[in-house]
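Thank you all for making time this morning.

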Amino acid sequence: MNDPVDGEAASLLAALRRALRGAGWTQARLAEELGVGSATVKRWLHGRGLSFNTLAHLCRLADTSLTELADDSRLSAQAEDHLTLAQEEALTQDSSLSTVFFLIVNGWPPSEATEGFRIPPEVVEQHVARLERLALVDRLPGGRLRARLSPSHAWQRAPMRRHFERHLKQLFVTIDYGDPATIFGAETCKLSPLGVARVRELIERFRGDLRAIELEDRRTAALPGEWHAILAVARSMRPLIGP
């Protein structure tokens, strides 16, 4: 695959990268397993210089096949960018259910819910079965899961806002902002309604940038990671400083 990667091939390669991540392979581990440099693995995973023999080997390491990758890429292309109100309400009724779903949406195997969030394996499986009944995930060959939602989905409706208020807001309220280890940035700006709209767009782009950083980190990091909660927020200061 030395020619420029077309849309169909790019989708297939994206499915391969997801399958490898789901099987626990990083670029560093793949490089060690295949006896090549990390830069070579990165080129292969984006279709540059990738032979069919190497592709078949990567499929075996990911415990998948070209047929399964094609099915995965097709489902990915059909991923929706909206939920019904009933689906969103169901997700927000149980914080561990929404955690399992968010992990699947972002390409993590359900086992990460146990390893990273200490949700018992039997509870994780119950949640996966419920997500299937809610038509939010599909089971793929080999036991892998695929969410029926784009990771870029904007969670702005009332159910998820209430969920954030109940379960996630406290993570940021209780931060010690005087601790040098705390990561934060703050700015005070005077903005027109147009400026506020541009800030909303900036926050959505910021979410996309964070996902890109996470994906690159998962491919290349040699050290183990830990979960971070990251919030970008803006509020009017009118109630604080008067009319």
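Let me say at the outset that this is a predicted model, and that what I describe is computed from it.

Staying with H2, I turn to how it packs. Helix H2, residues 27–34, and helix H3, residues 38–45, meet at an angle of about 105°, and their axes are 8 Å apart. An angle from 65 to 115 degrees counts as roughly perpendicular, so that is the description that applies to H2 and H3. On the H2 side the contact is made by Gln 27, Ala 28, Leu 30, Ala 31 and Leu 34, and on the H3 side by Ser 38, Val 41, Lys 42, Trp 44 and Leu 45. Seven of these contact residues are nonpolar, two are polar and one is charged.

The axes of H6 and H10 cross at roughly 10° and come within 9 Å, and, since angles under 35 degrees count as roughly parallel, H6 is roughly parallel to H10. Here Leu 85, Glu 88, Glu 89 and Thr 92 of H6 meet Pro 159, Met 160, Arg 162, His 163 and Arg 166 of H10. The residues of this contact divide into three nonpolar, two polar and four charged.

Why is H7 described as largely enclosed by the rest of the structure? The reason is that nine of the 11 residues of this helix, which spans residues 95–105, are buried. The buried residues are Ser 96, Leu 97, Ser 98, Thr 99, Val 100, Phe 101, Leu 103, Ile 104 and Val 105. They pack against helix H6 (85–92), helix H8 (111–117), helix H9 (121–133), strand S1 (137–139), strand S2 (145–147) and helix H10 (158–173). After H7 comes Gly 107, where phi is positive, near 85°.

Next, an open region. The second largest pocket has a volume of about 430 Å³, and of the 25 residues that line this pocket, Trp 108, Pro 109, Pro 110, Arg 144 and Leu 145 are the closest to its centre. H1, H8, H9 and S2 are the elements that give two or more residues to the lining, with H9 giving the most, four residues. The lining of this pocket contains 12 nonpolar, six polar and seven charged residues.

I will close with three residues in loops. Gln 156 sits in the loop between S2 and H10 and, at 40% relative accessibility, counts as partly exposed. Setting aside neighbours within four places in sequence, Gln 156 is in contact with Arg 161 and Glu 204. Gln 156 and Gly 142 are 14 residues apart along the chain, and their C-alpha atoms are separated by 34 Å.

Asp 63, in the loop between helix H4 (52–61) and helix H5 (66–77), has a phi near 55°, and Asp 63 is exposed, with a relative accessible area of 57%. Arg 118 lies in the loop between H8 and H9 and has a positive phi of about 60°. Is Arg 118 buried or exposed? With a relative accessible area of 75%, Arg 118 is exposed.

Methods:
Residues numbered from 1 in each chain as written. Predicted model: local features only at pLDDT ≥ 70, side-chain atom pairs only at ≥ 80, totals over all residues. Heavy atoms only, no water. Axes fitted to C-alpha atoms, helices over the stretch in contact; angles between N-to-C directions. Parallel < 35°, antiparallel > 145°, perpendicular 65-115°, else oblique. Contact = heavy atoms within 4.5 Å. Nonpolar A, V, L, I, M, F, W, Y, C, P; charged D, E, K, R; others polar. Buried < 20%, exposed > 50% of the residue type's maximum accessible area, 1.4 Å probe, protein only. 1 Å grid on protein atoms, 1.4 Å probe; cavity = no way out; pocket = protein on both sides within 12 Å on 5 of 7 lines; lining within 4 Å. Points joined across faces, edges and corners; volume = space filled by probe spheres on them.
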